[in-house]
Amino acid sequence: MAALLLLRTAPRLLRERGRGRLGAAGPAPACQCLIRTFFGYPLTKRSSGLVQKTKDVCLRFCRPRSSTAAAGTSGEDTLLKWGLFLIPLTTFGLGTWQVQRRKWKLDLIAQLASRITADPIPLTLDPMELRELEYRPVTVRGRFDHSKELYMLPRSLLDPEREAREAGRITSHPENGANVITPFYCTELGVTILVNRGFVPRKKLKPETRLTGQIEDEIDLTGVVRLTEKRKPFVPENNIEKNRWHYRDLEAMAKVTGAEPIFIDADFRSTVPGGPIGGQTRVSLRNEHMQYIVTWYSLCAATSFLWYKKFIQKLPL
């Protein structure tokens, strides 16, 4: 609109200059009027009615434009203000969620600890009941079939006393080996199950290196029920041909040995001289929720402080 106004006004100003109405000093004020009218703040002589009129028209055009720009800026600031407020609000919600998750995880760990220390019960063959018995001690009676051993490796010896001594060390050197899985015929139930007899070092992986520990008699055995597990990321596939098992795939193990897909970890009392070391059930769940709580609440506090300084106290950041 200002450009249109200039186009309409310029010829008249030049005609007035030609007739001598603007005086000797006319060109400079006329040019000043034209230039400054274009930018919205005309500063002209009040002696010229034409120029004064041009100034008034310009102001009428410029003032609404400034008001509109201010309103747009105010709207953008409001949107930015409440949009950024979502950051501390979200981090507070995530911190609170981690508080609830930590409570759930602690309850679960307590349940597992109480279950594994409970009195043993006779083993059941009902699949529905077995699903509810993981980490629960059970008792069976029967004998081992050492000709069909399976080896889960690599494994390290579970030794709570050694782990307590090495706690806090940068490096540790646990003994590596394998867990020996042996079919066990239950004479009272009439079925064969799979028993994790425990840990053996690599040098005693072959059965002929630990003949004194190969029990042939019928025995009473106490163990902890374990369920099948899925392969975790970065864990190799089980190599059935080479008898190298990296995770518990009960269906595949049962198919190879001819046993039922029922698996128990023998307790430490099953250990015999020269044989596998029992009690290799590791009851541990990752519980890193506290560090997540600290992280999210710290982010909430920091972003809330910055938001308050910026939008409430109006301080430059």
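Predicted model: local features only at pLDDT ≥ 70, side-chain atom pairs only at ≥ 80, totals over all residues.
Residues are numbered from 1 along each chain as its sequence is written. Local features need pLDDT of at least 70, side-chain atom pairs count only at pLDDT 80 or more, totals for chains, interfaces and linings use all residues, and side-chain values use heavy atoms, with hydrogens and water left out.

Student: Which strand holds Arg197?
Tutor: Strands are DSSP runs of E with at least two residues, numbered from the N terminus. Arg197 falls in the run covering residues 191-201, which is β5.

Student: How many residues of β5 are buried?
Tutor: Buried means under 20% relative accessible area, with a 1.4 Å probe and protein chains only. β5 is mostly covered, and the count of buried residues among its 11 is 10.

Student: What is the distance from Arg197 to the nearest side chain of opposite charge?
Tutor: A salt bridge needs a side-chain nitrogen of Lys or Arg within 4 Å of a carboxyl oxygen of Asp or Glu. Arg197 is buried and has no salt bridge. The nearest side chain of opposite charge is Glu149, at 4.6 Å.

Student: In which sense do β5 and β7 pair, parallel or antiparallel?
Tutor: Two strands pair if DSSP finds at least two bridges between them. β5 and β7 (residues 263-266) have 3 bridges, and Leu194 stands opposite Phe263. The sense is parallel.

Key:
Helix = DSSP H or I, 4+ residues; strand = E, 2+ residues; numbered from the N terminus. Buried < 20%, exposed > 50% of the residue type's maximum accessible area, 1.4 Å probe, protein only. Lys, Arg positive; Asp, Glu negative; His and termini not counted.
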